[in-house]
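Hello,

Here is the structure I promised to pass on. My notes follow below it.

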Amino acid sequence: MNIAIVCYPTFGGSGVVATELGLALSKKGHYIHFITYNLPVRLEALRDPNINFHEVNVPDYPLFKYQPYELALSSRLVDVVKSYQIDILHVHYAIPHAYAAYMAKKMLIDMGIQIPIVTTLHGTDITLVGSHPFYRPAVAFSINHSDRVTAVSESLKEDTLRLFEIKKNIHVIPNFIDIEKIKSEGKPCERSLLASKEEKILSHISNFRPLKRILDVIAIFEGVLPKVKSKLMMIGEGPDKQKAIQYVKEKGLEGKVLFLGNSNEIEKILCYSDLFLLPSEKESFGLSALEAMAHGVPVISSNAGGISEVNIQGKTGYLSEIGDTTDMIKNALKLLKDEKLHKTFKKQAQTQAEIFSIDKIVGKYESIYVNAVESIQY
Ligand code: GMT
């Protein structure tokens with residue numbers, strides 16, 4: 001099939017899922033066309049001949065306070081669908097992608113071309129941004145006019161049905177991970193580069209937005225440090241980073257909390273991590289927790305959204321109420337102080353991650369595509 005994928009090219013989870021899906025589909029012989037404003041971060045070099053990238057350009061015009069990205073995107077979609085005989089348009093993150101895809105679809109009908117749209121809901125496009133009254137009617141409209149709709153967790157499906165009037169069936173297709181790639185990497189971890197032998201390593205990866213509650217991450221670490229020698233790796237960039245750096249300074253934790261910025265090599269950090277922290281206020285799935293688990297890292301998290309569909313209480317880690325850092329500290333210490341328990345959780349985390357192995361999930365998207373293409377022909 002010729003598949004067009006629209007996504008955000010940044011370090012956010014939806015862009016990562018879209019990119020990894022495109023890469024996996026190309027390995028199965030499909031032709032993939034990424035359409036977005038930058039080369040997706042995990043795409044790196046475009047070495048695969050089955051993968052194409054089409055940039056969306058929005059020329060600056062001083063009359064506009066806001067440059068019309070949806071307009072440029074829908075025009076680009078029309079152009080790519082026509083030029084490459086695209087069979088299916090798969091948009092990740094409803095805003096504004098599903099809306100632009102709908103406009104492209106209508107323009108293409110005028111040209112005698114029928115193109116089905118699959119919309120994948122990822123989280124904040126529903127729970128935070130999408131349900132805002134300023135956007136809600138347009139988001140509901142574009143979901144209802146997609147040919148197929150998928151959500152990355154049961155929790156997100158429930159949220160969507162609660163927050164919008166949805167007439168479409170929502171298929172739950174969970175996020176995934178390339179377990180085989182992780183196993184094949186198997187290189188020795190250069191743990192000594194960041195911590196001494198007796199120090200434990202805790203880590204957190206996110207876009208440092210307020211809903212990630214990164215001050216809770218540091219508070220958990222502060223609770224652990226007096227009892228267990230340790231270091232905290234903070235991976236990512238985002239609006240709350242400065243606040244967190246300031247807090248670390250005030251508490252005299254420099255040297256113990258390391259801010260490592262965005263990374264395309266999270267496997268190197270995860271391979272030497274002892275615990276992963278994810279105390280988010282909202283999280284439709286928690287892809288970073290799954291990535292940690294696949295590397296055998298137990299997760300201390302909140303119980304927000306769909307995290308409990310990934311991190312299993314008392315098996316792969318522990319879940320607490322949002323903001324209950326006291327409980328999170330207690331749980332972190334329980335694992336860090338008991339080597340046998342920690343080892344068991346590591347194994348169980350890896351086993352649980354296998355449920356989300358990429359080869360179990362990609363076929364589900366292919367079925368949705370085939371189904372959508374067939375439905376539009378009649
Ligand atoms: O976590 C973010 O803020 C990024 C966001 C995105 O759309 O890029 O992540 C959402 O999608 C991920 C992939 O499906 C999920 O794993 C995250 O849980 C979800 N984030 C939220 O719901 C806050």
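**Salt bridges and the ligand site**

Glu199, Lys231 and Lys256 are joined in a network of salt bridges (a salt bridge is a side-chain nitrogen of Lys or Arg within 4 Å of a carboxyl oxygen of Asp or Glu). This is a predicted model, where local features need pLDDT of at least 70, side-chain atom pairs count only at pLDDT 80 or more, and totals for chains, interfaces and linings use all residues. Residues are numbered from 1 along each chain as its sequence is written, and side-chain values use heavy atoms, with hydrogens and water left out.

The whole structure holds 14 salt bridges. One of them pairs Glu366 with Lys28, with the closest N and O atoms 2.6 Å apart. Glu366 and Lys28 are 338 residues apart in the chain. Glu366 is buried, at 16% relative accessible area (buried means under 20%, with a 1.4 Å probe and protein chains only).

Lys330 also forms a salt bridge, with Asp327, at 3.1 Å between the closest N and O atoms.

Now the ligand. There are 19 residues around the ligand, and His122, Asn175, Lys212, Glu283 and Ser284 come nearest (near means a heavy atom within 4 Å). The side chain of His122 has an N or O atom 2.7 Å from a ligand oxygen. The side chain of Lys212 also places an N or O atom 2.7 Å from an oxygen of the ligand. The protein covers 95% of the 490 Å² of accessible area that the ligand has on its own (Shrake-Rupley method, 1.4 Å probe).

Best wishes

Technical notes. A polar contact is a pair of N or O atoms within 3.5 Å; within protein, one must be able to donate a hydrogen and the other to accept it, and residues adjacent in sequence count only if both atoms are side-chain atoms. Helices (H or I, at least four residues) and strands (E, at least two) are DSSP runs, numbered from the N terminus. Buried means under 20% relative accessible area, exposed over 50%, partly exposed in between (1.4 Å probe, protein chains only).
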